[in-house]
Amino acid sequence: MLTGVILAGDTSRQTGSHGKALLPFCGEILIQRQVRMLKNICREVIIVTNEPKLYLPILGNSVRIITDYFPGKGQLGGMHAALSLSTSNHLWIVGSDMPFLSARAAGLMDSLMEPETDAVIPHYGGESHPLHGIYHKRCLASVSAALEHGRHELADLEPQLQVKRVDELFFRSNDVEPHFVTRINTTEAYHHAMQLNYLHQDQTEAARCV
């Protein structure tokens, strides 16, 4: 019983005039690709954005599109809206700039959730990657408190939660490659991700994008 959440509230000028979620990627619009991947294991998919008109023509009623309760409050503002309206207790929360989402990684992290665990978060290269983490709906109280104190980033939330961090060794031992945490924050990162995708296709002898 998992809800997938895409935080699409930001519009980046670093990757061009359009938001990152609307970039073409491997024959699809990036957000279409993300929704397809989320639906592999999620019974519900939520897009959090303050520009719903950008996504309605692309996604229609295939997902729930909601807006922030607290506009302009960054990632935590979007997370607050998703936690408030999710119909599941566990949420897989990702950024709109992540082209290599892994349903397998998310499923493995979800299986590690215990009654006292607030979140399960990937940990690579000595740093946490809170986007692509699994969060319990009760995190809403901590998110609300952070917003009240003027904190807007997911990194500000982690110290307030009971977090289980999952390292690269765990994922590799379960046949999950680490590039699922890749983000395209710049034009250069976007082109690098495209090259990485083609490399992955060559290595797996894939005939199409997966």
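Student: In this predicted model, in what kind of crossing, left-handed or right-handed, does α1 pass α2?
Tutor: The model is predicted. Take the two helices as a pair. The crossing of α1 past α2 is right-handed.

Student: At roughly what angle do the axes of α1 and α2 cross?
Tutor: Helix α1 covers residues 30-38, and helix α2 covers residues 52-59. Their axes come within 10 Å. They cross at roughly 65°.

Student: Which residue's backbone oxygen lies 2.9 Å from a polar atom of the side chain of glutamine 34?
Tutor: Leave aside neighbours within four places in sequence. Glutamine 34 is then in contact with Ile6, Val94, Gly95, Ser96, Asp97, Met98 and Leu101. The backbone oxygen at 2.9 Å belongs to methionine 98.

Student: What separates the C-alpha atoms of glutamine 34 and aspartate 97?
Tutor: Aspartate 97 is among the contacts of glutamine 34. Along the chain, the two are 63 residues apart. Their C-alpha atoms are separated by 9.3 Å.

Student: Where is serine 88 found, and is it buried or exposed?
Tutor: Serine 88 sits in the loop between α3 (74-85) and β6 (90-95). The cut-off for buried is under 20%. At 2% relative accessibility, serine 88 therefore counts as buried.

Student: Which side chain makes a polar contact of 2.8 Å with the side chain of serine 88?
Tutor: Setting aside neighbours within four places in sequence, serine 88 is in contact with Met1, Leu2, Thr3, Arg43, Glu44 and Lys137. A polar contact of 3.3 Å joins its side chain to that of arginine 43. The 2.8 Å contact is with the side chain of threonine 3.

Student: How many residues does the largest nonpolar core have?
Tutor: Ile47, Met79, Trp92 and Tyr135 have the most contacts inside this core. Methionine 79 touches Leu7, Ile93, Tyr135, Val143, Leu154 and Leu157, not counting residues up to four places away in sequence. Apart from this core lies another of 9 residues, including Leu30 and Tyr190. The largest nonpolar core has 57 residues.

Definitions and conventions:
Residues are numbered from 1 along each chain as its sequence is written. This is a predicted model: local features need pLDDT of at least 70, side-chain atom pairs count only at pLDDT 80 or more; totals for chains, interfaces and linings use all residues. Side-chain values use heavy atoms; hydrogens and water are left out. Axes are lines fitted to C-alpha atoms, for helices over the stretch in contact, and angles run from 0 to 180 degrees between N-to-C directions. Helices (H or I, at least four residues) and strands (E, at least two) are DSSP runs, numbered from the N terminus. A crossing is left-handed if the near helix is turned anticlockwise from the far one by less than a right angle, and right-handed if clockwise. A nonpolar core is a set of buried Ala, Val, Leu, Ile, Met, Phe, Trp, Tyr and Cys residues joined through side-chain atoms within 4.5 Å. Buried means under 20% relative accessible area, exposed over 50%, partly exposed in between (1.4 Å probe, protein chains only). Contact means heavy atoms within 4.5 Å. A polar contact is a pair of N or O atoms within 3.5 Å; within protein, one must be able to donate a hydrogen and the other to accept it, and residues adjacent in sequence count only if both atoms are side-chain atoms.
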